[in-house]
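Good morning, and thank you for the time. I would ask you to look at the sequence and the structure together while I speak.

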Amino acid sequence: MIFRILEDQYAEKIKQAKAADQRFMELALALGRRGLGRTWPNPAVGAVVVKDGVIVGRGWTQAGGRPHAEVEALRRAGQAARGATLYVTLEPCSHFGRSPPCADAVIAAGIARVVSAIEDPNPEVGGQGHARLRAADITVDLGLGAADAARDHAGHFRRITDKRPHVILKLAVSADDKIGAAGHKPVAISGEAARTRVHLLRAQCDAILVGIGTVLADDPMLTCRLPGMAARSPVRVVLDRALRLPGASRMVHSARETPLWVMTSDFAEAPAAMALGAAGAQVMRVQPSANPPGLDLPDVLHTLAEKGISRLMVEGGARVAESFIAAGLVDEIWLLRGRDTIGADGVPALGALPLAAITQSQAFRLRASESLAKDSLTIYERA
């Protein structure tokens with residue numbers, strides 16, 4: 001009987017310990033998401049230091065990628081870090097970059113145990129951070145929260161493994177699958193709640209991309225317009241093969257406040273590129289595409305990745321969306337649907353492709369759906 005009681009008590013302690021680990025890792029993941037869109041070229045990591053069941057330090061990767069989450073959490077914990085447990089959403093780095101290895105900082109702080117969500121695919125790390133911790137007699141538990149961490153760090157993983165950003169395509173469509181009125185005239189499709197979600201997504205991305213057709217039709221700003229979050233606006237990227245971007249456009253006028261990168265080809269005239277550069281825009285030449293005429297999207301994405309972009313939001317218009325879907329370069333889709341119809345003469349959401357290329361494709365699976373006042377949001381991800 002006494003052994004059964006002891007077994008039950010032990011099992012209960014194990015259960016409580018697992019629940020505590022889960023709770024602290026969820027906090028670390030939430031903290032890491034605070035940095036999405038701000039930490040590139042570094043991943044947005046979260047970290048929590050816990051001692052005797054009490055949180056003694058919290059941290060997330062700061063703007064520009066430094067300091068790293070672990071260093072920030074250890075700094076806040078101070079001497080309380082000795083003998084504590086560190087929960088971190090990505091393997092602590094083991095190499096010298098713009099800052100010393102986080103693994104060394106963890107060892108120096110006297111951490112006794114590290115709960116790490118997932119290994120870093122960066123070949124400069126790739127398990128070496130965990131190995132260094134174990135060599136210092138630190139217990140390393142790997143895998144808790146791995147699925148959520150993989151989603152949060154998808155941009156970092158994609159940039160490392162495929163040399164391109166994680167691509168999020170955002171579409172706002174009417175009830176009859178249109179994105180604009182006849183003649184490509186803009187029309188309000190979604191309401192305030194949906195627009196708020198879109199601006200929050202902008203703030204969580206490193207860059208936002210549109211085609212020159214959208215700029216000429218709408219003259220957008222593509223900034224984050226949530227109160228107090230203007231500084232969280234992403235880099236604006238325009239695909240403009242022949243450099244038709246008007247110098248009087250709002251994006252060019254604001255290029256010194258919010259970065260503007262114009263992707264063009266060798267077909268573009270040098271004076272036009274010089275004028276945009278003088279206004280504060282950065283002009284980048286990439287390979288052209290013959291069919292359809294435009295820019296080579298893999299080269300565009302590779303160029304952005306080399307600049308440090310890991311999370312790219314693609315927002316318009318139909319031709320650009322169709323091109324990304326057809327090329328198999330979309331990793332995540334945010335489909336916002338309004339209740340109103342536009343009519344048969346409206347602009348189809350994906351150009352020549354039906355919307356079923358997303359909603360009924362085996363290439364994508366449903367991840368989440370929700371109502372946003374009068375609109376609906378459905379999120380798909382690469383299967």
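Let me begin with a convention on angles: axes are lines fitted to C-alpha atoms, for helices over the stretch in contact, and angles run from 0 to 180 degrees between N-to-C directions. Please also keep in mind that this is a predicted model.

With that convention, helix H4 lies across E4 and E5, and its direction is at about 150° to that of E5. The helix covers residues 128-135, and Ala-131 is found in it. Is Ala-131 buried, partly exposed or exposed? Its relative accessibility is 43%, so Ala-131 counts as partly exposed.

I turn to the sheet that includes E4 and E5. Five strands make up this open sheet, in the order E2-E1-E3-E4-E5, and the pairing is mixed. At the edges are strand E2 (54-60) and strand E5 (139-142), each of which pairs on one side only. From one strand to the next, the twist averages 15°.

Strand E4, residues 113-116, pairs with E5 in the parallel sense over four bridges, and Arg-113 stands opposite Thr-139 in E5. Strand E1, residues 46-51, runs antiparallel to E2, and six bridges join the two. Within that pair, Val-48 has Arg-58 of E2 as its bridge partner. E1 and E2 form a hairpin with two residues between them. In the turn, Asp-52 has a positive phi of about 55°.

There is also an open sheet of nine strands. Which order do they follow? The order is E11-E10-E9-E8-E14-E6-E15-E18-E17, again with mixed pairing. Strand E11 (282-285) and E17 are the edge strands, each pairing on one side only. Direction ignored, neighbouring strands of this sheet are turned by 20° against each other on average. As one example of pairing, E8 and strand E9 (residues 235-239) run parallel and are joined by five bridges; Ala-207 stands opposite Val-235 in E9.

Two helices deserve attention beside this sheet. Helix H11, residues 297-306, lies across E6, E8, E9, strand E10 (260-264), E11 and E14, and runs at about 145° to E10. Helix H7, residues 192-203, has 12 residues. From its first C-alpha to its last, H7 reaches 17 Å, close to the 16 Å expected at 1.5 Å a residue. Its buried residues are Ala-194, Val-198, His-199, Leu-201, Arg-202 and Ala-203. What do the buried residues of H7 pack against? Their partners are strands E6 (166-173), E8 (207-211), E14 (311-316), E15 (332-337), E17 (364-372) and E18 (375-382).

Finally, the cysteines. The cut-off needed here is that a disulfide is a pair of cysteine sulfur atoms within 2.5 Å. How many disulfides does this rule give? The count is zero. Cys-102 is buried, at a relative accessible area of 1%. For Cys-224, the closest cysteine sulfur is in Cys-205, at 11 Å, so this pair is too far apart for a bond as well. Cys-224 also counts as buried, at 3% relative accessibility.

Conventions
Residues numbered from 1 in each chain as written. Predicted model: local features only at pLDDT ≥ 70, side-chain atom pairs only at ≥ 80, totals over all residues. Heavy atoms only, no water. Buried < 20%, exposed > 50% of the residue type's maximum accessible area, 1.4 Å probe, protein only. Expected span 1.5 Å × (residues − 1). Contact = heavy atoms within 4.5 Å. Pairing = 2+ DSSP bridges.
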